[in-house]
Amino acid sequence: MTATVSNWRSMTVADLPVVNAIAAAVHVDYPEDPAVFAERLRLHPGGCFVLDTPEGVGGYLISHPWHLEQPPALNELLGSVPSPAPTYYLHDIALLPAARGGGATAAILATMAEHAATIADTISLVAVGGTARFWQRFGFEPIKSEALARKLTTYGGEARYMLGPAEAIRTASANHGQQRRSQSVYRRD
């Protein structure tokens, strides 16, 4: 199955049970309580999306305004989001295996970055499980400091705080998505 940009839609409260199930399946080493996702949706619904596939919801993205170089601990409620915000935080993205490989990540990152640029100049995230190189393709760069290293302990030893200009991430995501679509024309399934 190949997902395209038209498959992403805004998340609703009714989607939360399947979002929690996808999170449990994809992020086994990084569990979060259902209350975390429900709070992110309540605090900033404009940054929460699900990927519709013929089989049902195949992925999600959760993002929100946040504080620069202060990533929330894993499985932590926020209480509120800052306004104005010094950065826009990509809390989580997860795709089931059947939804991967068709450019769905690039498509939603471009959409998210366009939205993020209306709120902050930068987008930040915590790369886990050795994914820092993946995120660098989209314009994120690791930021290193002792203070950040202490904040990342809940995410595991390979966690990296990453930051990039919102407009550059939007452009890189759009370009990556174009490349994926061009390649898929020639790919035999």
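By class, 6 nonpolar, 4 polar and 2 charged residues line the second largest pocket. Here Ala, Val, Leu, Ile, Met, Phe, Trp, Tyr, Cys and Pro count as nonpolar, Asp, Glu, Lys and Arg as charged, and the others, Gly among them, as polar. A pocket is an open set of points on a 1 Å grid over the protein atoms alone, where a 1.4 Å probe fits, with protein on both sides within 12 Å along at least five of seven lines; lining residues have an atom within 4 Å of a point.

This is a predicted model, in which local features need pLDDT of at least 70, side-chain atom pairs count only at pLDDT 80 or more, and totals for chains, interfaces and linings use all residues. Residues are numbered from 1 along each chain as its sequence is written, and side-chain values use heavy atoms, without hydrogens and water.

Stay with the second largest pocket. Its lining includes Ile143, Lys144 and Tyr161. Helix H5 (146-151) and strand S7 (160-165) each supply at least two lining residues. Helices (H or I, at least four residues) and strands (E, at least two) are DSSP runs, numbered from the N terminus.

Now turn to the largest pocket. It holds about 710 Å³ of space, the volume filled by probe spheres set on grid points joined across faces, edges and corners. Of its 32 lining residues, His27, Ile93, Thr131, Phe134 and Trp135 are the closest to the centre. Strand S4 gives the most to this lining, with 7 residues.

Finally, step back. The protein has 6 helices and 7 strands. They run β-α-α-β-β-β-α-β-α-β-α-β-α from the N terminus.
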